[in-house]
Amino acid sequence: MTPTVVDSHENEEALAWWFLDTLVVEHRCASEMDTVVLEMTLPVGSAPPLHVHDHLDDTWYILQGQMIVRCGDDQMVVGAGHWVSMPRGVPHTFRVVGEHEARILLVHDNARFRDLIRDLGTPATARTVPSQPAFPPMDALERIAASHDLRPIGPPMRIEDGDSVLTAR
C-alpha cells in the first residue's frame, strides 16, 4: 500500500497549467486512486460554452468567488462554501461574476477532463491566471474537447444572462 499523499496549492511538485483563461493546479493523489483533484482559478467573466459530459459527473467545491451556474433548466447563484454537483449527460455552463476571481476544487472519478487540460493547456510559469489567455480556434477546441468527453452544444453564458439571475435573486 502507498503512503498518504498530502498536497497544497503552493506545492512546487504539483503540476500547474494555464488552460484557456484559467490557472489549474493538478493535486497529487495516492497512486492507487482513480480520483482526480484539480484546483482552478477563474477570472471574473470566465464562462465555458454550454456543454455536456457523457461519462463524467462534474463536481466542484467553491473556495472563493461567486458564480452563476446553469445545469439543465436550473440557474442559481453559488459562492464560497457551496458544493456543485452536475450529473453526466446534463447540459451545463457557468459564469464567474462579482469583483473577484473564483477558486474551485474539482473532484472527478476519471481523468478525462484533466487530460483535456493537459492537451490544451500550457505549463504555468506562475501560480496566477494567465495574463494572455490562449483560446484555440473553435473547430480545434471542439475536436479536442470531444476526444475528452466534453461536447460543446451552445454558447457561453452571456453577461446579461448572469445579470438577470443576480437581479431575480
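Which residues of helix α2 (residues 138-146) are buried? The buried residues in α2 include A140, L141 and A145, where buried means under 20% relative accessible area, exposed over 50% and partly exposed in between, with a 1.4 Å probe and protein chains only. Seen down the axis of α2, its buried residues fall within an arc of 125°, so they line one face of the helix; the arc is that of the directions from the helix axis to the C-beta atoms. An α-helix has 3.6 residues a turn, so residues three or four places apart point the same way. On the other side of α2, D139, R143 and A146 are exposed. The cover over the buried residues of α2 includes α1 (112-120). Helices (H or I, at least four residues) and strands (E, at least two) are DSSP runs, numbered from the N terminus.

The model is predicted, so local features need pLDDT of at least 70 and side-chain atom pairs count only at pLDDT 80 or more, while totals for chains, interfaces and linings use all residues. Residues are numbered from 1 along each chain as its sequence is written, and side-chain values use heavy atoms, with hydrogens and water left out.

The largest nonpolar core has 29 residues, of which F19, M40, W60, M67, V69, I104 and F113 touch the most other members. A nonpolar core is a set of buried Ala, Val, Leu, Ile, Met, Phe, Trp, Tyr and Cys residues joined through side-chain atoms within 4.5 Å. Leaving aside neighbours within four places in sequence, M40 is in contact with residues including F19, L23, I104, L106 and F113; contact means heavy atoms within 4.5 Å. A second, separate core of five residues includes I68, V77, V97 and V165.

The count of salt bridges comes to nine, a salt bridge being a side-chain nitrogen of Lys or Arg within 4 Å of a carboxyl oxygen of Asp or Glu. The side chains of E26 and R118 form one of them, at 2.5 Å from N to O. E26 lies in strand β2 (residues 22-27) and R118 in helix α1, so this pair ties together parts that are 92 residues apart in sequence. E26 counts as buried at 12% relative accessibility, and R118 counts as partly exposed at 33%.

Another salt bridge joins the side chains of R103 and E39 (2.8 Å, N to O). R103 is in strand β10 (residues 102-108) and E39 in strand β3 (residues 36-42), 64 residues apart. R103 is partly exposed, with a relative accessible area of 23%, whereas E39 is buried, with 4%.

R95, in strand β9 (residues 92-97), is buried yet has no salt bridge. The nearest side chain of opposite charge, that of D163, is 6.9 Å away; Lys and Arg count as positive and Asp and Glu as negative, while His and the chain ends are not counted. A polar atom of the R95 side chain lies 2.7 Å from the backbone oxygen of M157. Leaving aside neighbours within four places in sequence, R95 is in contact with G45, S46, A47, Q66, M67, I68, M157, R158 and I159.

Definitions and conventions:
Polar contact = N/O pair within 3.5 Å; in protein donor to acceptor, adjacent residues only side chain to side chain.
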